[in-house]
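Let's take a walk through a protein together. Have a look at the picture first, then read on.

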Amino acid sequence: MQITASAVSLTVEDVAASTRFFTDHLGFRVQMSAEGFASLHRDDAGMHVVLLRRGIEVLPASYRDQTAAGVIVAFVVRDLEGEERRLRSEGVEISLPLREEPWGERLFQITDPNGVVVELVEWTTRAA
């Protein structure tokens, strides 16, 4: 098997609201879209973010009424503090403030209008 691309697919109530959040605040661009569907991409992200409207028939029947929950979409970035300042200045609520974990991960989280948690991460030197 040769993997040529990757994506995370998130089921949401309002595809347009999540699309605006990812494009306006996280720099993604719409690569494809149709009723109840959007595929978003950044050249530097290494993966696509696919948004599917809850109930859409492409989802397996047992998943159609569910939405993304318990999922954290994480992106490693440079200048974590700068990204936090930028997002705050754009009016994005920081849902988990900047913190550093003992294993060397610095992070903060934001949440899109559909409840999708996005974590921005910067790695530091690992603790002993």
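Predicted model: local features only at pLDDT ≥ 70, side-chain atom pairs only at ≥ 80, totals over all residues.

## Starting with a helix

Which elements do the buried residues of α2 pack against? They pack against α1, β6 (94-100), β7 and β8, where contact means heavy atoms within 4.5 Å. The buried residues of α2 are L80, G82, E84 and L87. Buried means under 20% relative accessible area, exposed means over 50%, and partly exposed is in between (1.4 Å probe, protein chains only).

Residues are numbered from 1 along each chain as its sequence is written, and side-chain values use heavy atoms, with hydrogens and water left out.

## The overall layout

The protein chain has 2 helices and 8 strands. Helices (H or I, at least four residues) and strands (E, at least two) are DSSP runs, numbered from the N terminus. Read from that end, the order is β-α-β-β-β-β-α-β-β-β. Along the principal axes, the C-alpha atoms fill a box of roughly 50 × 40 × 25 Å.

Of the 128 residues in the chain, 41% are buried. Take the contacts with a separation of 6 or more: 47% of them come from residues 24 or more positions apart.

## The nonpolar core

In soluble globular proteins, nonpolar side chains tend to be buried together. A nonpolar core is a set of buried Ala, Val, Leu, Ile, Met, Phe, Trp, Tyr and Cys residues joined through side-chain atoms within 4.5 Å. The largest one here has 25 residues, and F22, V49, F75, I110 and L120 touch the most other members. At least two residues of this core come from each of β1 (7-12), α1 (15-26), β3 (37-41), β4 (48-53), β5 (72-76), α2 (80-89), β7 (105-111) and β8 (117-123). The top giver is α1, with 4 residues.

Let's zoom in on L120. Leaving out residues up to four places away in sequence, L120 touches F75, V77, L80, E83, L87, R106, L107 and F108. Over in helix α1 sits T19, which counts as buried because its relative accessible area is 13%.

A pair of aromatic rings is described by the distance of the centres and the angle of the planes. Rings of Phe, Tyr and Trp (its six-membered ring) pair if their centres lie within 6.5 Å; planes under 30 degrees apart count as stacked, over 60 as edge-to-face and the rest as tilted. How many aromatic pairs does a search of the whole structure find? It finds 3.

One of them joins F21 and F22 edge-to-face, at 6.1 Å centre to centre with 75° between the planes. F21 is buried, at 8% relative accessible area, and F22 is buried too, at 0%. F22 also pairs edge-to-face with F28, at 5.7 Å centre to centre and 75° between the planes. Ring pairs link F21, F22, F28 and F75 into a cluster.
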